[in-house]
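Student: I have the sequence and the model open. Can we go through it together?
Tutor: Fine. Ask as you go.
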Amino acid sequence: MTSLPRRPSMTDVADRAGVSYQTVSRVLNDPHRVKPATRERVQAAIEELGFTRNRAARALRTTRSRIIGVLTDGSSLYGPATTLSAVEAAAHEAGYTTLLASVGPHGASGERTGRELLESGADGIIVIAPHEGMVPALEAIARTTPIVSVTAGAPAIPGATMVTVDQARGARSVVEHLAEAGCRSVVHLQGPPSWFDARGRRAGFVEAVDQLGLDAEITEPGDWSPGSGARIAEALLRGPLPDAVFAANDHMALGLLHVLHARGVRVPEQVAVVGFDDISGAAYFTPSLSTVRQPFDRLGQAAVARLISGLGPAPEEAEPAAAPSGLAADLAPELIVRRSSSLTAPTTTDEPPVS
């Protein structure tokens, strides 16, 4: 019987490069301590042999696996899914891999799932907690595990570090923009109240319209989908048209725009429309959609940085693992003004051209 090929080892790399085992270890773990010529020779040997690091073996030696567990609710909605991608990218940039698990309505408990992540070798856990349903998981895991929660407005939980985007600030910037554009009556098409992002956006809306003295209305909750935006828009059109509608996300804004177009309501001449998230393609809506862009890349970087720094050095390390620095825990979103809320907005988009 033909045997399977053996996985290359660090000893094989050392033999190929003509250096010691310790030098290979330094190139992998502390490369700045190795002369460039030697480092290049070791890297060339790694490429030639197809060597990959055995993280399980490393964990046995160092008590650190350089694996970050990520716990989600399994949502495919834009915000949670984009946050997950940003966390994975930031972890990779910091030299970590991610191990993903989800807590669904019919799945394992948060405490059990968190324990399984740790038993699988994760050094700590990042919890993406967009709504109330994830709070029990946060509370259970934080009792015994280093965690960072990516959320917006969840209650403070002992042992958990919170990283978020300031949703209320984003909503305030929308209302201020609409007021400057001359709108005096504004409707907020709100998201599901169990979601922390929806609560933050509603709170920012209420605060801003009160400060600016605008006539305001808040609709029944939508569910983040274009269908709910369309359904609520149909109800809105039964009464007097407001000057503007602020939809809690871009997908609901899309449903709203669809109904307004079908009913012959001109945007923004008769009703200005603003969404939230700046989803891919928002600049290509008809008209192009004004929205609030969330800094998902920086959100992922901040979550990973805080988890790594919170872990501290391993017992056998003099210094903790390197982590990005200078990243705030409460990040500011950015208002993007396009045609749907401004007659003077540029007609060009900020999306790349179609190839």
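Student: How are helix 10 and helix 11 set to each other?
Tutor: They are oblique, since angles under 35 degrees count as roughly parallel, over 145 as roughly antiparallel, 65 to 115 as roughly perpendicular and the rest as oblique. The axes of helix 10 (residues 226–236) and helix 11 (residues 250–262) cross at roughly 45° and come within 6 Å. Axes are lines fitted to C-alpha atoms, for helices over the stretch in contact, and angles run from 0 to 180 degrees between N-to-C directions. Helices (H or I, at least four residues) and strands (E, at least two) are DSSP runs, numbered from the N terminus.
Student: Which residues meet there?
Tutor: From helix 10, Pro226, Ser228, Gly229, Ala230, Ala233 and Glu234 meet His251, Met252, Leu254, Gly255, Leu256 and Val259 of helix 11. Contact means heavy atoms within 4.5 Å. By class, this contact has seven nonpolar, four polar and one charged residues. Ala, Val, Leu, Ile, Met, Phe, Trp, Tyr, Cys and Pro count as nonpolar, Asp, Glu, Lys and Arg as charged, and the others, Gly among them, as polar.
Student: Where do these values come from?
Tutor: This is a predicted model, in which local features need pLDDT of at least 70 and side-chain atom pairs count only at pLDDT 80 or more, while totals for chains, interfaces and linings use all residues. Residues are numbered from 1 along each chain as its sequence is written, and side-chain values use heavy atoms, with hydrogens and water left out.
Student: How many bridges join strand 4 to strand 5?
Tutor: Four, between residues 147–150 and residues 160–165. In strand 4, Ser149 stands opposite Met162 of strand 5.
Student: Is Ser149 buried or exposed?
Tutor: Buried, with a relative accessible area of 0%. Buried means under 20% relative accessible area, exposed over 50%, partly exposed in between (1.4 Å probe, protein chains only). Not counting residues up to four places away in sequence, Ser149 touches Val127, Ala129, Leu138, Thr161, Met162 and Val163.
Student: New topic. Which residue has a phi near 120°?
Tutor: Asp277, a residue other than glycine with a positive value. Asp277 sits in the loop between strand 9 (272–274) and strand 10 (291–293) and is buried, at 6% relative accessible area. Beyond its neighbours within four places in sequence, its contacts include Tyr78, Arg201 and Asn249.
Student: What about Trp224?
Tutor: Trp224 has a positive phi of about 80° although it is not a glycine. Trp224 is in the loop between strand 7 (215–218) and helix 10.
Student: Where are the cis peptide bonds?
Tutor: One runs from Val267 to Pro268, with omega near 10°. Another joins Thr286 and Pro287, with omega about -5°.

How values were computed: Pairing = 2+ DSSP bridges.
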